[in-house]
Each structure stands twice: as C-alpha cells, then as structure tokens.
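Subject: Structure handover

Hello,

Here is the structure you asked for, with the sequence. My notes on it follow below.

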Amino acid sequence: MFARRAASFATSLRRLPAAAVSPVSPSFGQVAAALASRRAVFPREASPRASSISTPKSENIVWSDSLLSTEERLAMTGCKGATLWLTGLSGSGKSTVSSVLEKKLIERGVLAYRLDGDNVRMGLNKDMGFSKADRVENIRRIAEVSKLFTDCGIVTLTSFISPYREDRDRAREIFEKDGLLFMEVHVDVPLDVAESRDPKGLYKKARSGALKNFTGIDDPYEAPLKPELVLKTHDFSVDECADQALEALRKCGVSIPENPV
C-alpha cells in the first residue's frame, strides 16, 4: 500500500498547477513567487499554521509557508494525520497499548509513529525534570512535535502521563488552531491496579519517599473531563484496547482497512 501511495503522490505532484511549481526544475524566483502568492492569501498573522499558544522568544523570524496546504497534502498522499494523546497514570498501559496500536496501523498501510514519554526524555526533552514547570514545558514541546507529524499525514501516538488538565487543553488548542485532528485518550485504571503492576518499580520508590513528585502518590493526576476515548486496560486486553482506538480513528475520518495488507 505504501508503494501505491508513493506512486499516486508522484503523479499528483506532476499535476500541480504551474502557479505552484514548474513542471521542470523551478528557479528560486519561481518558488519565491509561489510562496509569496500563498502568503497573500494567508498572511502570517492569519495563517493557521503560524499560530501557536506560546510567543516565540526570537523576534526576527518569519513563518515559512509550504507550497502545499494540509488539504492538498491529504488529497495527494491519501494519508490523514491525527494525534491520539494517551494520558493516564504510570502503569496504566499507555506505552503497551500504543505499541500494539502502532503495529496494527502500520500493518494496515497507515503511516504511524509512537512518541513515548521515557523515549522523548532521552533526547528532545533530556533537559526536563519532573517539576511542575518542567512537566508543562515537556508537554508543550511534545504537542508541537506531534502537530508537525499530524500535519504531514502521520497518525501520531503520544504516551505521556500528562497529569495536568490545563496542559492537555493547551495541547489540544495547538491542534485545533491548525484544524488538525486531536483525540484525547484516557487510559483509565484505578490507582491500586496501576500500583500493583508497577513495571518500573516507581510506585515502590514513591511510597518509600525515595522518589518525589510522583503522579498519583504525592503529585495529582487530573483525569480528562470529556476524552474522545476511554480505554480500561484492567477490563479489556491490550489487543481489544488497540482495536477500540482503531475504530475511534475510523469514526474521525482516518481510512484504516479492517485487515492487514
């Protein structure tokens, strides 16, 4: 399926109007003129892609528009991006469900990528700790990265405790300002179930006082009020939870075959 989509994408590029890009190698001037024409339609202050919930620290920057809108990209590639924001206590099953879901999507020819909390803290957010301020910035960065993935047609699966409701609402706003699909998924298990699993031994450390600011013990978890999906991993298998997420994506317009291709 990926090969067919690539061929279709190449054909679509050849069909772009001359105003967008020359059928032969375009000059710098031609591309600049095409971008300028897009900026005339979407000036920076009104451009949905240039919007953000935070103000950049740098002043001498200008938003660089693409030659393709999100709609044009979707029409050419057939890939509708989305972000499933999995939130829940440590040990609730976020990483496990997202791993299985990612595999199911790829098997069905859907571009998908998983952003896991621990993994991201080993690279992009390795300068972040677990203070309130660091948690806020951690989520902001992930939301911005996920938005870029979603805009280019990837189903992005984020697995973060993201304990504060206000931060998740800000993340949603980043997507909704750009007209991109954001689905909050509450991986909902009782605290005693999550603690009994304790795959990393973190609850034990938190109970002993060796680990501070741990969500559910000495730091709050604010459950979503109106999530698009609730997954109860203590009542359903991992496979069943992943299938529930697949169905939720289909209902939101993401084309996903029933069976692997």
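**Helix α3 and what follows**

Directly after helix α3 comes G78, which has a positive phi, near 75 degrees. Please keep in mind throughout that this is a predicted model. Helix α3 itself covers residues 70-77, and its buried residues are R73, M76 and T77. Viewed down the axis of α3, these buried residues fall within an arc of 85 degrees, so they line one face of the helix. E71 and A75 sit on the other side of α3 and are exposed.

**Confidence**

The average pLDDT of the protein is 83, and 77% of the residues score at least 70. Two stretches should be read with this in mind. Over residues 12-22 the pLDDT stays under 50, and the model gives this stretch ten contacts beyond four places in sequence. Residues 42-46 also have a pLDDT below 50, with seven contacts in the model beyond near neighbours in sequence.

**Strand β1**

Strand β1 spans residues 82-87. Six of its six residues are buried, so β1 is largely enclosed by the rest of the structure. In general, the side chains of a regular strand alternate between the two faces of the sheet. In β1, A82, L84 and L86 point one way, while T83, W85 and T87 point the other way, and all of them are buried.

β1 has pairing partners in β3 and in β4. With strand β3 (residues 155-159), β1 pairs in the parallel sense over five bridges. In that pairing, L84 has L157 of β3 as its bridge partner. β1 and strand β4 (residues 182-187) also run parallel and are joined by five bridges. Here L86 stands opposite V185 of β4, and W85 stands opposite E184 of β4.

**Strand β4**

How many of the six residues of β4 are buried? The count is six of the six, so β4 is largely enclosed by the rest of the structure. Both faces of this strand are covered. F182, E184 and H186 are buried on one side, and M183, V185 and V187 are buried on the other.

Besides its bridges to β1, β4 is joined by three bridges to strand β5 (residues 229-231), and β4 and β5 run parallel. In β5, V230 is the residue opposite H186.

**Cysteines**

The structure holds zero disulfides. A disulfide is a covalent bond between the sulfur atoms of two cysteines. For C79, the closest cysteine sulfur is that of C152, and because the two sulfurs are 9.0 Å apart, they are too far for a bond. Seen from C152, the closest cysteine sulfur is likewise that of C79, at 9.0 Å. The cut-off applied for a disulfide is a pair of cysteine sulfur atoms within 2.5 Å.

Are these two cysteines buried or exposed? C79 counts as buried, at 10% relative accessibility. C152 is partly exposed, with a relative accessible area of 36%.

Regards

Key. Residues numbered from 1 in each chain as written. Predicted model: local features only at pLDDT ≥ 70, side-chain atom pairs only at ≥ 80, totals over all residues. Heavy atoms only, no water. pLDDT = per-residue confidence, 0-100. Contact = heavy atoms within 4.5 Å. Buried < 20%, exposed > 50% of the residue type's maximum accessible area, 1.4 Å probe, protein only. Helix = DSSP H or I, 4+ residues; strand = E, 2+ residues; numbered from the N terminus. Pairing = 2+ DSSP bridges. Arc of directions from axis to C-beta.
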